[in-house]
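Me: I would like to learn how the labels on a structure follow from the values behind them. Can we go through one?

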Amino acid sequence: MRKNRLYLVLGLALLGIGLGIAFTQGQQLDPYKEAERQRELFRQTAGILPGELYAAQGEELFYAKRGPKQASLEACDFGLGPGKLEGALTQLPRYFADTRRVEDLETRIVSCMVRLQGFKMEEIKRDEVKALVAYVASKSSEMPINVVPRTSQEVAMYNLGRELWFHRAGDRDMNCSICHDAYAGRKVRLSPVRSPRQGLSNEWPAYRFEADKLYTLQDRIAFCYESVGIHPPAYYSEPYIALSMYMLAEATKGRNRFTEMPGFTR
């Protein structure tokens with residue numbers, strides 16, 4: 001039922017966006033003001049934001065007994081105790097003794113689906129993981145980011161993330177720093193650019209109205225890889241966790257908060 005409602009909401013909202021784009025065609029738009037305008041269009045035309053519907057789908061999946069073990073995800077420990085979701089995103093990625101690895105929110109959801117529900121990796125649907133990410137993240141809306149590498153595994157993951165951040169690769173010989181550090185506080189093609197210390201990564205997961213779909217932080221990192229001509233790594237792999245650890249630890253040093261979760265952005 002909620003999935004059908006999501007399609008209806010997106011259809012109505014896209015109509016509104018289309019009218020909005022037609023109205024503003026030829027004008028130079030401020031991305032933040034435009035995102036806020038589109039957000040209000042969704043509120044007015046559908047009465048609810050797409051991110052909230054993704055989170056509602058995630059809530060249904062979280063408490064449903066599924067998989068070969070017919071279990072819910074209520075026993076999943078995101079670092080604060082089994083089933084404790086309030087503020088869980090604020091301290092991820094972190095090391096988990098039960099899997100003996102550092103995991104971000106997406107990877108943790110997947111490992112819980114495997115261990116608790118009995119799913120095989122190839123059976124796990126990406127759209128379901130994204131909906132679950134939206135739901136769990138909604139419990140950390142506008143909270144301070146608090147990612148501080150403490151264990152040897154977390155420090156190693158942070159160091160790998162920093163190495164990847166500055167590693168030049170691809171035919172264009174690019175790295176993350178060339179855009180996000182060198183142009184921090186400025187605009188590239190009208191889009192404001194932020195460094196990790198300025199809070200880059202604090203708005204994901206978010207609904208991107210231009211793409212008309214939910215992006216998690218791993219989706220956003222994959223988009224950056226593709227933007228500079230580099231084939232992105234497989235989802236849930238170490239480069240995503242490492243880059244997330246680096247960006248969110250730096251955002252913590254900058255005393256940043258998460259935005260409304262799930263976010264709404266261009």
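Reply: Start with two definitions. Contact means heavy atoms within 4.5 Å. Helices (H or I, at least four residues) and strands (E, at least two) are DSSP runs, numbered from the N terminus. This is a predicted model: local features need pLDDT of at least 70, side-chain atom pairs count only at pLDDT 80 or more, and totals for chains, interfaces and linings use all residues. Residues are numbered from 1 along each chain as its sequence is written, and side-chain values use heavy atoms, with hydrogens and water left out.

Me: How many helices and strands are in the chain?

Reply: The chain has nine helices and seven strands.

Me: What makes α5 mostly covered?

Reply: Buried means under 20% relative accessible area, exposed over 50%, and partly exposed in between (1.4 Å probe, protein chains only). In α5 (residues 126-138), eleven of the 13 residues are buried. Among them are V129, L132, V133 and V136.

Me: Which elements do the buried residues of α5 pack against?

Reply: They pack against α3, α4 (105-115), β6 (213-215) and α8 (217-227).

Me: Why are α6 and α9 called roughly perpendicular?

Reply: Axes are lines fitted to C-alpha atoms, for helices over the stretch in contact, and angles run from 0 to 180 degrees between N-to-C directions. Under 35 degrees counts as roughly parallel, over 145 as roughly antiparallel, 65 to 115 as roughly perpendicular, and the rest as oblique. Helix α6 (residues 152-166) and helix α9 (residues 238-253) pack at about 95 degrees, with axes 7 Å apart. Therefore the pair is roughly perpendicular.

Me: Which residues make that contact?

Reply: From α6 they include M157, L160, L164 and W165; from α9 they include I241, A242, M245 and A249. By class, the contact has 14 nonpolar, one polar and five charged residues. Here Ala, Val, Leu, Ile, Met, Phe, Trp, Tyr, Cys and Pro count as nonpolar, Asp, Glu, Lys and Arg as charged, and the others, Gly among them, as polar. Helix α9 is mostly covered, with 13 of its 16 residues buried.

Me: Where are the cis peptide bonds?

Reply: One joins L92 and P93, with omega about 10 degrees. P93 lies in the loop between α3 (50-63) and β1 (94-96). Another joins W204 and P205, with omega about 15 degrees. P205 lies in the loop between β4 (191-192) and β5 (206-208).

Key
Expected span 1.5 Å × (residues − 1).
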